[in-house]
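Me: I would like to go through this structure with you before I set anything up. Could we begin with the terms and then work through the parts?

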Amino acid sequence: MKKLVLMLSTVVLSLAINMQAQAGNVETLQSEYQAAGAGNFSASNGEKMWVKNNLDKKSGKQRNCQTCHGKVLTQSGKHARTGKVIEPLARSVNSERLTDIKFMKKWLKRNCKWTIGRECSAQEKGDFLEYLKGQ
Ligand code: HEC
């Protein structure tokens, strides 16, 4: 009996942990960045970085976040290299946006590297999300 209770509570506990991992919304990720040393997040800083040009030395071309996501966040973008359509990032038209922590982390990492030429800091990532959240 004791064993069964122990087994059941292990199942319940792992279910709870699992649910928490899946719930992962943008605020959870932002708290994670704050725990990693970031301060308050600023949508206007996020917006400034979003449109700021960064010179890619190899191609000699300027890159910013709009290069793929387009100028209007409620509209689709187009991948600069593959030409693939990217669904709008704005949550006001795309409720699936900023709902998956793993996905956000993966793309923030890749896109910072490609666009800015380095990984972004916890503060920068949080600022980007603060800006995107309001769209
Ligand atoms: C080379 C093209 C490209 C550039 C430039 C780019 N992105 Fe992206 N981004 C993508 C693709 C592709 C995806 C994943 C597909 C999708 O979300 O539809 C994505 C997804 C994202 C997501 C995930 C959205 C979600 O719903 O979770 C975030 C956040 C993001 N990008 C932020 C940025 C930021 C910040 C920049 C500028 C530093 C940037 N992107 C520049 C191609 C790009």
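Reply: One cut-off is needed at the outset: a residue is buried if 20 or more other C-beta atoms lie within 10 Å of its own. Please also keep in mind that this is a predicted model.

Me: Is L98 buried or exposed, then?
Reply: L98 counts as buried, because it has 21 C-beta neighbours inside 10 Å.

Me: Where is L98 found?
Reply: L98 is found in the loop between strand 4 (85-86) and helix 5. Its phi is positive, about 55 degrees, although L98 is not a glycine.

Me: Let us step back. How many helices and strands does the protein have?
Reply: The protein has six helices and four strands. From the N terminus on, the elements run α-α-α-β-β-α-β-β-α-α.

Me: What share of the residues counts as buried?
Reply: Of the 135 residues of the protein, 18% count as buried. As for contacts with a separation of 6 or more, 52% of them are between residues 24 or more positions apart.

Me: What about confidence: what is the average pLDDT?
Reply: The average pLDDT is 91, and 90% of the residues score at least 70.

Me: Where does pLDDT stay under 50?
Reply: That applies over residues 18-23, for which the model has zero contacts beyond four places in sequence. Where pLDDT is low, the predicted coordinates should not be read in detail.

Me: On to helix 2. Which of its residues are buried?
Reply: Helix 2 spans residues 26-35, and its buried residues are L29, Q30 and Y33. They are on the same side of helix 2, because they cover an arc of only 100 degrees around the axis. In general, an α-helix has 3.6 residues a turn, so residues three or four places apart point the same way.

Me: And which residues are exposed on the other side of helix 2?
Reply: Those are E27, T28, S31 and A35.

Me: What do the buried residues of helix 2 pack against?
Reply: They pack against helix 5 and helix 6. Taking Y33 by itself, and not counting residues up to four places away in sequence, Y33 touches A38, A122, K125 and G126.

Me: What follows helix 2?
Reply: Helix 2 is followed by G37, which has a positive phi, near 115 degrees.

Me: Which residues make up the largest nonpolar core?
Reply: That core has nine residues in all: L29, Y33, M49, L98, M104, F128, L129, Y131 and L132. Helix 2 and helix 6 are the elements that give two or more residues to this core. Helix 6 gives the most, with four residues. As a general point, nonpolar side chains in soluble globular proteins tend to be buried together.

Me: D127 is also in helix 6. Is D127 buried or exposed?
Reply: D127 counts as buried, because it has 27 C-beta neighbours inside 10 Å. Leaving aside its neighbours within four places in sequence, D127 is in contact with F41, S42, N45, G46 and M49. D127 and S44 are 83 residues apart in sequence, with their C-alpha atoms 8.0 Å apart in space.

Me: Now the ligand. Which residues come nearest to it?
Reply: Of the 25 residues around the ligand, C65, C68, R97, W107 and N111 come nearest. Helix 4 (66-69), helix 5 (101-116) and helix 6 (122-133) are the elements that give two or more residues to this shell.

Me: Which helix gives the most to the shell?
Reply: Helix 5 does, with nine residues.

Me: And how does the shell divide by class?
Reply: The shell around the ligand has 15 nonpolar, five polar and five charged residues.

Me: How far apart are the C-alpha atoms of N54 and N64?
Reply: They are separated by 6.3 Å, and the two residues are ten residues apart along the chain.

Me: And what of I116 and N54?
Reply: I116 is in helix 5. The C-alpha atoms of I116 and N54 are separated by 5.8 Å, with the two residues 62 residues apart along the chain. I116 is partly exposed, because 17 other C-beta atoms lie within 10 Å.

Methods
Residues numbered from 1 in each chain as written. Predicted model: local features only at pLDDT ≥ 70, side-chain atom pairs only at ≥ 80, totals over all residues. Near = placed C-beta within 6 Å. Nonpolar A, V, L, I, M, F, W, Y, C, P; charged D, E, K, R; others polar. pLDDT = per-residue confidence, 0-100. Contact = placed C-beta atoms within 7 Å. Buried ≥ 20, exposed ≤ 12 C-beta atoms within 10 Å, placed from the backbone. Arc of directions from axis to C-beta. Core = buried A, V, L, I, M, F, W, Y, C linked by C-beta atoms within 7 Å.
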